[in-house]
Amino acid sequence: MTADDMSVPAAELIIVGHFDRAPGYVTRRPGGSPSWLVMWTQAGSGLVEQGGASFTAGPGDLVVLASGAAQHYRVAPGAERWRFWWAHFQPRPSWPGWLAPYARAAGCHLVAGVPVALHERLDQAFRRALRDARWLPPADPARPDATRLARRDGADLARPDGADLARREVTEPAGARHASPTGPGSPAGGAGSPVGEAGPVAGRSAAPGGAEASRGEQTSGGAVRARVGDRAWAPETASDAGTALDAEMERDAGTALDAEMERDAGTALDAEMERDASGAVAGSAAARELVLGAVEEVLVLATASARRPGDGDGGGDGGGGGGDGRGGDPRVRRALALIAAEPGAPHSVASLARAVALSPSRFAHLFTSETGAPPMRAVRQARIRHAARLLEATDMDVGQVATASGFVSPFHFSRAFRQEYGLPPRAYRRTRQEADRAGS
């Protein structure tokens with residue numbers, strides 16, 4: 001069963017697919033859909049109409065359409081294509097709240113302008129969702145992957161540029177590979193000619209003009225010269241020659257295998273996307289949860305980073321999936337999000353100002369007027385709150401907690417903590433532990 005077979009997917013189905021559509025592509029669902037639909041545009045543009053709203057979605061735009069409202073979307077007029085990932089799903093309880101600030105109409109959301117730095121990560125999340133839609137547990141978890149083992153064994157046999165033959169030469173006994181002629185009259189390449197001398201190696205033909213095609217040769221000075229393809233070098237000793245040749249061939253083989261695996265992976269992904277352009281249906285409960293996890297990652301990243309309508313040019317605020325939803329200047333919200341994300345980092349007025357593209361003086365004035373406190377007071381409060389959580393949830397000693405929370409010394413930390421909570425850190429931990437035991 002594919003999405004093409006169902007103009008209106010069943011509510012319980014979770015389906016993931018990838019389209020690259022030319023002008024003329026259109027989907028209409030007058031009665032809406034019983035499932036939600038997310039579309040992530042990679043190239044070109046699409047025109048979306050739902051619930052009385054109409055807008056164009058371009059690269060970096062995420063469209064989420066809720067169930068129940070009439071749907072109409074197509075390649076945008078004048079666009080040469082519309083390439084996009086899509087998924088039908090039922091949302092988890094928290095998802096509508098993340099999307100609410102991006103509503104264009106009832107049940108119609110446009111998360112526009114997801115930062116370019118996140119585009120590849122969203123692409124990867126959809127690729128993972130497509131693979132996970134058909135995920136099954138291994139038949140025998142204890143058994144090694146036969147395909148992987150076969151590929152590894154094949155890599156040992158398929159050396160580039162005849163490196164497998166060269167390896168057989170250099171692993172022969174050193175006496176057979178590098179021995180000098182038995183006497184000044186020994187003919188080159190005669191019956192007793194050792195491997196590595198100027199004579200042809202047994203089982204190989206000489207090159208035109210009498211030039212031999214072996215991988216090693218004796219120079220006039222007696223040094224051994226080892227060859228791999230067109231590269232040649234003359235180490236000081238025969239053992240060095242064999243060791244270095246082994247290392248060079250192994251590097252060449254590894255590089256060739258990496259390139260081959262990368263080509264195979266790209267080809268397989270292209271084939272997979274072509275095969276599943278009509279959609280992959282998550283068949284098992286585990287597959288459905290895996291796909292929902294990937295969709296959740298997409299929604300969190302997009303809503304937490306895209307600019308909210310009405311925010312102006314100040315940039316994202318870390319809201320949506322991870323912010324607090326407060327109003328105010330988006331640059332101040334961004335600074336607060338940076339502090340909350342890493343309270344132990346070496347924040348300063350200058351570093352926070354750089355992060356929001358303001359001068360330190362302008363940032364400090366704006367931050368204080370918006371929050372009622374200077375930036376470094378907010379940093380200290382965030383560090384103390386972080387330290388309190390560590391005291392409650394871990395067995396780290398006070399010195400470790402102080403370091404993890406960004407304080408320069410346990411003494412400085414203890415004094416700041418007592419000013420905030422009225423207790424020194426150890427007493428605070430003991431009090432919380434006693435309260436937890438009494439509650440249990």
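Trainee: Where is Arg-92 placed?
Mentor: This is a predicted model, in which local features need pLDDT of at least 70, side-chain atom pairs count only at pLDDT 80 or more, and totals for chains, interfaces and linings use all residues. Residues are numbered from 1 along each chain as its sequence is written, and side-chain values use heavy atoms, with hydrogens and water left out. Helices (H or I, at least four residues) and strands (E, at least two) are DSSP runs numbered from the N terminus. On that numbering, Arg-92 sits in the loop between strand 8 and helix 1.

Trainee: Is Arg-92 buried or exposed, or in between?
Mentor: Buried means under 20% relative accessible area, exposed over 50%, and partly exposed in between (1.4 Å probe, protein chains only). Arg-92 has a relative accessible area of 21%, so the class is partly exposed.

Trainee: Which residues does Arg-92 contact, leaving aside neighbours within four places in sequence?
Mentor: Contact means heavy atoms within 4.5 Å. With those neighbours left aside, the contacts of Arg-92 are Glu-289, Leu-292, Gly-293 and Glu-296.

Trainee: Which residues are linked with Arg-92 in a network of salt bridges?
Mentor: A salt bridge is a side-chain nitrogen of Lys or Arg within 4 Å of a carboxyl oxygen of Asp or Glu. In the bridge between Arg-92 and Glu-289, the closest N and O atoms are 3.0 Å apart. That pair links distant parts of the chain, 197 residues apart, with Glu-289 in helix 7 (residues 285-305). The residues that the network links with Arg-92 are Glu-289 and Glu-296.

Trainee: What polar contact distance joins the side chains of Arg-92 and Glu-296?
Mentor: A polar contact is a pair of N or O atoms within 3.5 Å; within protein, one must be able to donate a hydrogen and the other to accept it, and residues adjacent in sequence count only if both atoms are side-chain atoms. Arg-92 and Glu-296 are 204 residues apart along the chain, with C-alpha atoms separated by 8.5 Å. Their side chains are joined by a polar contact of 3.1 Å.

Trainee: How many residues apart in sequence are the parts tied together by Asp-20 and Arg-81?
Mentor: Asp-20 and Arg-81 form a salt bridge, with 2.4 Å between the closest N and O atoms. Asp-20 lies in strand 1 (residues 15-21), and Arg-81 in the loop between strand 7 (71-75) and strand 8 (82-89), so the separation in sequence is 61 residues.

Trainee: How many salt bridges does the rule count?
Mentor: Another pair is Glu-120 with Arg-127, where the closest N and O atoms are 3.2 Å apart. By the rule, the count is eight.

Trainee: Which residues of helix 13 are buried?
Mentor: Helix 13 (residues 410-421) has 12 residues and reaches 16 Å from its first C-alpha to its last, close to the expected 16 Å; the expected span is 1.5 Å times one less than the number of residues. Across the helix, Phe-411, Arg-418 and Gln-419 are exposed on the other side. The buried ones are Phe-413, Ala-416 and Phe-417.

Trainee: Why do the buried residues line one face of helix 13?
Mentor: The arc is that of the directions from the helix axis to the C-beta atoms. Seen down the axis of helix 13, the buried residues line one face because they fall within an arc of 100 degrees.

Trainee: Which helices are included in what covers those buried residues?
Mentor: The question concerns Phe-413, Ala-416 and Phe-417. Their cover includes helix 11 (375-393), helix 12 (398-404) and helix 14 (425-439).
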